[in-house]
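Okay, thanks everyone, let's get going.

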Amino acid sequence: MTSRTVSAAASGTWTLGDHTVHRIGFGAMRLTGSAAFHLGTPSDRGRSIAVLRRAVELGVNHIDTAAFYFSRLRSSNELINSALAPYSDELLISTKVGPARDASGEWATSARPDELRGQVEENLRQLGRDHLDLVNLRVMSQPSVSEHFGALAELRDAGLVRHLGLSNARPEHLDEARAIAPVVCVQNRYGLDDRDAEELLHTCAALGIAFVPFYSIAGPGREEGAVHTEHDAVLAIARAHGATPARVRLAWTLRKGPHVLAIPGTGNPDHLVDNLAAGELRLTDEEFQLLDAIGRD
């Protein structure tokens with residue numbers, strides 16, 4: 001399969017806020033280097049920009065980013081701005097607020113509710129926009145999200161933000177947030193090797209809310225990428241379809257429900273094409289059940 005025959009459109013669509021997006025999007029975290037944040041080595045700027053432009057050419061219209069996605073030399077928001085501005089009306093860019101890193105890349109104390117406006121404005125400056133399509137509150141250690149989400153709802157009312165979501169949330173956080181303002185998506189860690197968010201996945205389906213899993217390919221490798229030993233079932237199904245294990249993992253993720261939106265990230269043009277090809281991979285019921293059993297052992 002070549003990049004000429006691959007399109008994000010094969011994954012289907014979902015209405016996210018006021019945008020219709022293809023169910024395979026793009027996560028910007030790994031644009032900045034060989035590993036996320038300050039890990040690894042910085043990426044080649046030209047190649048990262050080329051990957052972003054190619055993603056959009058291949059139908060990606062949902063990009064997930066954050067101001068705290070930066071390495072020693074690269075910023076995902078700056079790369080997105082340089083590659084894609086002026087932005088198409090069809091493109092939805094989602095970002096996250098809550099966590100904070102200092103100029104050296106070290107993690108700092110997460111934002112208080114009154115500091116979220118500054119983080120929103122930082123994303124606006126870096127992306128070169130006058131509003132953000134979607135802002136996810138990344139839940140840190142706070143037991144309640146009411147004050148933080150309420151602050152974001154005020155920014156939504158002021159026109160700085162169009163839509164709101166949650167990241168790293170628990171079911172009770174979703175209940176709290178929905179009592180304050182509409183929630184269009186929940187971003188949580190979820191994949192074959194990590195089913196802690198299974199309840200939220202089903203809750204989102206019942207409520208018509210998008211569920212956006214992250215680390216679906218990386219699994220336990222998280223920021224460093226896919227460093228795990230692959231399951232025999234994944235390898236066997238990949239061989240049967242002439243596909244990579246990463247593509248099989250993404251196809252399983254998409255099969256979990258029409259409200260599930262994948263956001264695999266990469267700075268590699270070949271990996272980009274392979275990830276998008278997951279939208280065309282149709283697992284049989286037997287294959288899906290075999291994969292589904294992995295996380296339930």
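So, start with the second largest pocket: 16 residues line it, and N168, A169, R170, N188 and D196 are the ones nearest its centre. Before I go on, this is a predicted model, where local features need pLDDT of at least 70, side-chain atom pairs count only at pLDDT 80 or more, and totals for chains, interfaces and linings use all residues. Residues are numbered from 1 along each chain as its sequence is written, and side-chain values use heavy atoms, with hydrogens and water left out.

What do I mean by a pocket? On a 1 Å grid over the protein atoms alone, a pocket is an open set of points where a 1.4 Å probe fits, with protein on both sides within 12 Å along at least five of seven lines, and a lining residue has an atom within 4 Å of a point. The volume here is about 210 Å³, meaning the space filled by probe spheres set on the points, which are joined across faces, edges and corners.

Who builds the lining? Helix 5 (171-178), strand 10 (185-189) and helix 6 (198-207) each give at least two residues, and helix 6 has the largest share, with three. Helices and strands are DSSP runs numbered from the N terminus, H or I with at least four residues for helices, E with at least two for strands. By class, the lining has seven nonpolar, three polar and six charged residues; nonpolar is Ala, Val, Leu, Ile, Met, Phe, Trp, Tyr, Cys and Pro, charged is Asp, Glu, Lys and Arg, and the others, Gly among them, are polar.

R138 itself sits in strand 8 (residues 132-138).

Now some helix packing. Helix 2 (residues 76-84) and helix 3 (residues 116-127) pack at about 40°, axes 8 Å apart. Axes are lines fitted to C-alpha atoms, for helices over the stretch in contact, and angles run from 0 to 180 degrees between N-to-C directions. That makes helix 2 oblique to helix 3: under 35 degrees is roughly parallel, over 145 roughly antiparallel, 65 to 115 roughly perpendicular, and the rest oblique. On the helix 2 side you've got N77, E78, I80 and N81, meeting N123, R125, Q126 and L127 of helix 3. That contact has two nonpolar, four polar and two charged residues.

Okay, that's my tour, happy to take questions.

How values were computed. Contact = heavy atoms within 4.5 Å.
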